[in-house]
Amino acid sequence: MNDYVTLKKRDILKIGIKDENGNVKLDDKGNEVYIEFDLEDINTVDNYSKCVYLVQKASNVLKDKIIVINKQPDSKGKGLMTKNEEEKTKALKEFYKSMEEAIDLFLGKGGTSKIFDEKRYLTMFDDLNEMLEPILPKLKINLSSIEKKIKTKYGNPNDTVLKNE
């Protein structure tokens with residue numbers, strides 16, 4: 001191939017990950033594990049909003065399932081757990097799967113596993129929000145920066161379409 005295009009460097013925010021002991025998290029090859037956000041991606045803030053909504057929805061579904069299971073008569077299960085305990089475990093696994101999909105919508109595919117490995121637990125989303133609290137304002141502030149770039153590049157000085165009122 002003789003012809004190439006060169007991509008411009010994007011405004012990417014890379015966030016490294018440390019384990020509970022403060023050690024930088026490394027992958028199998030010894031490379032630092034990180035999540036990244038494209039600060040020019042207009043969907044980042046929207047994906048976070050969708051993530052919050054989907055996690056809340058999954059929480060409500062789990063609560064409803066637990067209420068229904070608790071109203072059912074219990075019986076012996078296949079193993080050590082009772083039938084109701086097995087149903088609760090199944091509902092919890094479905095909740096974790098839904099929560100992981102929601103978080104990955106925001107962080108990118110595999111983002112949940114980068115941070116939490118394969119461990120899943122009820123307060124995982126709360127912990128994620130606490131971890132990301134310092135960077136969320138950077139993502140939101142960038143939304144207005146994108147708007148300014150749009151106004152500068154495409155705005156007509158006599159046009160009021162993109163002006164804030």
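Leaving aside its neighbours within four places in sequence, which residues is Leu128 in contact with? I will start there and then move along the chain.

First, the basis. This is a predicted model, in which local features need pLDDT of at least 70 and side-chain atom pairs count only at pLDDT 80 or more, while totals for chains, interfaces and linings use all residues. Residues are numbered from 1 along each chain as its sequence is written, and side-chain values use heavy atoms, with hydrogens and water left out.

Now Leu128. Its contacts, meaning heavy atoms within 4.5 Å, are Ile103, Leu107, Ile115 and Phe116, once neighbours within four places in sequence are set aside. Leu128 sits in helix 4, residues 124-132. Helices here are DSSP runs of H or I with at least four residues, strands are runs of E with at least two, and both are numbered from the N terminus. Leu128 has a relative accessible area of 1%, so it counts as buried. On this scale buried means under 20% relative accessible area, exposed means over 50%, and partly exposed lies in between, with a 1.4 Å probe and protein chains only. Ile115 is 13 residues from Leu128 along the chain, and their C-alpha atoms are 8.5 Å apart.

Next, helix 1. Helix 1 covers residues 43-71, 29 residues in total, and spans 42 Å from first C-alpha to last, close to the expected 42 Å at 1.5 Å a residue. The expected span is 1.5 Å times one less than the number of residues. Buried residues in helix 1 include Tyr48, Cys51, Val55 and Leu62.

Thr44 is also in helix 1, and it is buried because its relative accessibility is 9%. A polar atom of the Thr44 side chain lies 3.2 Å from the backbone oxygen of Asp41. Not counting residues up to four places away in sequence, Thr44 touches Phe37, Asp38, Phe106 and Leu139.

On to charges. Side chains of opposite charge can pair when their charged atoms come close. The rule for a salt bridge is a side-chain nitrogen of Lys or Arg within 4 Å of a carboxyl oxygen of Asp or Glu. The count by this rule is 6 salt bridges.

One of them joins Asp117 and Lys25, with the closest N and O atoms 3.1 Å apart. This pair links distant parts of the chain, 92 residues apart: Asp117 is in the loop between helix 3 (111-116) and helix 4, and Lys25 is in the loop between strand 1 (12-16) and strand 2 (34-38). Asp117 is partly exposed at 34% relative accessibility, whereas Lys25 is buried at 13%. Asp117 also meets Lys119 in a salt bridge, at 3.7 Å from N to O. Lys119 is exposed, with a relative accessible area of 54%.

Another salt bridge joins Glu101 and Lys97, at 2.9 Å between the closest N and O atoms. Why are these two about one helical turn apart? Glu101 and Lys97 are 4 residues apart in helix 2, which means a separation of about one helical turn. Glu101 is partly exposed at 47%, and Lys97 is exposed at 53%.

Last, Leu105, which is also in helix 2, residues 83-107. Leu105 is partly exposed, because its relative accessibility is 34%.

Key. A polar contact is a pair of N or O atoms within 3.5 Å; within protein, one must be able to donate a hydrogen and the other to accept it, and residues adjacent in sequence count only if both atoms are side-chain atoms.
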